[in-house]
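Biologist: Here is a model I would like to go through term by term. Please set each value against its definition before you conclude anything.

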Amino acid sequence: MAGLSVENVTKRFGETEVLKGVSLVIADGEFVSLVGPSGCGKSTLLRIIAGLEEQSSGDIQIGGQSVAGQRAADRNLSMVFQSYALYPHLSVGENISVPLKMRRMNGLQQLPLVGGFMPGARNVASDIGSVVNQAAGMLEIGHLLDRKPGQLSGGQRQRVALGRALVRDPAAFLLDEPLSNLDAKLRVQTRAEIAQLHRRLDATFIYVTHDQVEAMTMSDRIAVMMGGRILQCAAPEIAYEDPDRIEVAEFIGSPKINILPLEISSEGRLSFHDQPLDLAIAGGSRGVASLGLRPETLWLSGGEAPIRGRVAHSENLGSEMFVQVDVPGLEERVTLRAMPELRASLTLGTPVALDFDTDKALVFDADGARMRKVRRLSAAASEVA
Amino acid sequence: MTVIEPSIAGTAAGSSRRRATRERRDAWILTVPALSLMVAILLAPVIIAGLLSFTNYSLGNGGFDWVGTRNYEELFTRSTYEKMFVATLTYVVTVVPISVGLGLGVALLINSLGRFREIYKTIYFLPVMATLLAMAIAWEFMLHPSIGMINRMLEMGCGTFLENVWPFMAHGCAERFPVWLGDKRYAIWVVCFIGIWQGFGFNMVLYLAGLTSVHRELYHAAEMDGAKSAWERFRLVTWPALGPTTVFVVTITCIRAFQVFDTIEAFWPQGGGPNKSTYVMMFAIFEKGVQQNLIGIGSAITMLFLLFVVVLTLIQRWLVEQKVHY
């Protein structure tokens, strides 16, 4: 087990620059998710770390040692592929034992039929057998060892792929969207199991996914990637509550964060649709900005409120309810989280006024960078961290 | 009621039985055209050949006599037929492994190429497209003992170091180079060589098709699992994935090898090469059954030929179902 660092890695495919200088330091035993939309370069970064792809520039270090020029087989990393990539002709047990056979047996001992008669082969084979059984036991696939991958369900194959990855003691585990081929229910279950496995093994995990829920629920830190860059790498709650950029705020969180246009007056006072808000920017100058409001920071206000509109759609999930409000002058609807008890008063077309928690308001400048020097006007000056 | 019930039940059972009978009859009527065609075109000739193999029938004769298993006894006792088996098996055992191996090797090499793939594919496939009869004539010229290209080229090696390291060269330079098509030591090997030259391109194309179905991610998985050499990756991923292709290629090549005929007919139309060293089964069938009008013995060889092909096909089916189907 070891930490891992990525230093200023770039990758070009011909003219297209897929990675534009990515740096990331992952501590020993940490679970880091690379999350981002399709084509953001997350899988490419993982493959570069694995050694399956070569970076155009930059360096990768595993356990403090540069692995530049070292091929994948020598990097001591394990990988779980999206398609699982199990060897179809080998049984589950044989699949799991492949990484051990490749590393512990010499060419003669690996030969079919005669390999078993080579000197030392039996001892190695029985050692490998016991390690395979242990891994299979951990993943509860002991009863499947004699089956071929073709006879297994998606979830079982996924476990076998995990088994093959964890059977030797790698420096880190790389997982490339391992849950994307599973159905929704199994995905939730396997998510918890992978997180549990990480706690049990206490190993370094790098997990690539486009599903922010997976990233949020499993990781110690998530690295949000977009357009070949890491926009923010932070603990899930920080990425959610305190995003550095508007893209991060928009990507993390479901339902999506509400983004409202703001004007900044010459004194730094913020207003929405000509209605002054209880917020000001220290040292701000005249211009435009964006206000990010999570659905749970909005509430229904009885009296005066800055955001007014009509209920356009509502989704009752049982434990909570998301109400979409059509606000005149806004292209996108504003989503609000409400208690299901209120559904009678929130029928379609009902006019509503929405107020929000100014402490939790996220203000972004015209370029999408977070403006942190926001203070409330009514209360004593307080910075929203 | 108790009186009526059984009679109703009886009528119902009777009508359903009648319907079943009618359905069965209709089914037979509908399949008769296909069945009769199959019997007339596929099964009848085989059965007739099988029957004729127990007779001394000749085309044009009014009648024939049953000779029992005499034709088969001849096949297994006469030295001509012993030569036939030796020539056929030599050809099959040489051509099949080499042309399958070459086909696989060339397919792997072409598959690893970035550019010029299509050019190489075309070049290797050319002999497959060419008519073997025409090619055999070209080869006949090349193999001519005095004016042929092969021996001329070998003569160019005389006086060089080759003479010292290669006894064949030393012998050839001192006396003469082989009469390729007239020497019983070389004739069958020349035929084998031409068979391989002509056939491996076809296997290459089949293997190239098989290679496209190998999952790319498996190679990455193999690399992560520690398969460093090309050989390890081949053994772990490529070869198993090509299992079904290999079974098919081997079977097809075997059957084609048993069927070799046109090279021999072009080189030695008078019969079977020097000392019958290239007297293969297909040529024997042609010679006995067509040239000499000995339908009985010709049919017996045909039945034997059919037996070989059926056994090969059964082995292929068994392998496909048991071993290479994942």
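Modeller: Start with helix 2 (residues 92-104) and helix 3 (residues 121-138) of chain A, whose axes come within 9 Å and cross at roughly 135 degrees. This is a predicted model, in which local features need pLDDT of at least 70 and side-chain atom pairs count only at pLDDT 80 or more, while totals for chains, interfaces and linings use all residues. Residues are numbered from 1 along each chain as its sequence is written, and chains are lettered from A and ligands numbered from 1 in the order in which they are written.

Biologist: Why is helix 2 of chain A called oblique to helix 3 of chain A?

Modeller: Axes are lines fitted to C-alpha atoms, for helices over the stretch in contact, and angles run from 0 to 180 degrees between N-to-C directions. Angles under 35 degrees count as roughly parallel, over 145 as roughly antiparallel, 65 to 115 as roughly perpendicular and the rest as oblique. The crossing here is at roughly 135 degrees, so helix 2 of chain A is oblique to helix 3 of chain A.

Biologist: Which residues make the contact of helix 2 of chain A with helix 3 of chain A?

Modeller: Helix 2 of chain A gives Gly93(A), Ile96(A), Ser97(A), Leu100(A), Lys101(A) and Arg104(A), and helix 3 of chain A gives Val124(A), Ile128(A), Val131(A), Val132(A), Ala135(A) and Ala136(A). Residues are in contact if their C-beta atoms, placed from the backbone, lie within 7 Å. By class there are 8 nonpolar, 2 polar and 2 charged (Ala, Val, Leu, Ile, Met, Phe, Trp, Tyr, Cys and Pro are nonpolar, Asp, Glu, Lys and Arg charged, and the others, Gly among them, polar).

Biologist: What makes helix 14 and helix 15 of chain B roughly antiparallel?

Modeller: Helix 14 (residues 281-291) and helix 15 (residues 295-322) of chain B pack at about 160 degrees, with axes 8 Å apart. Helix 14 and helix 15 of chain B are therefore roughly antiparallel to each other. Their crossing is left-handed. The contact includes Met281(B) and Ile285(B) of helix 14 and Ile301(B) and Phe305(B) of helix 15 of chain B.

Biologist: What about helix 4 and helix 9 of chain B: what is their angle?

Modeller: Helix 4 (residues 117-129) and helix 9 (residues 187-212) of chain B pack at about 120 degrees, with axes 7 Å apart. That makes helix 4 of chain B oblique to helix 9 of chain B, and the crossing is left-handed. Among the residues in contact are Tyr124(B) and Phe125(B) of helix 4 and Trp197(B) and Phe202(B) of helix 9 of chain B. The contact has 8 nonpolar, 2 polar and no charged residues.

Biologist: How do you know that chain B is more spread out than a compact globule?

Modeller: Chain B has 15 helices and 0 strands (DSSP runs numbered from the N terminus, helices being H or I of at least four residues and strands E of at least two). The radius of gyration of chain B is 28 Å, well over the 20 Å that the globule rule gives for 326 residues, so chain B is more spread out than a compact globule. The radius is taken over C-alpha atoms, and the rule is 2.2 Å times the number of residues to the power 0.38.

Biologist: Where is confidence lowest and highest among the elements of chain A?

Modeller: The mean pLDDT (the predictor's confidence in each residue, from 0 to 100) is lowest in strand 21 (residues 374-376) of chain A, at 82, and highest in strand 3 (residues 31-35) of chain A, at 95.

Notes:
A crossing is left-handed if the near helix is turned anticlockwise from the far one by less than a right angle, and right-handed if clockwise. Two residues are in contact if their C-beta atoms, placed from the backbone, lie within 7 Å.
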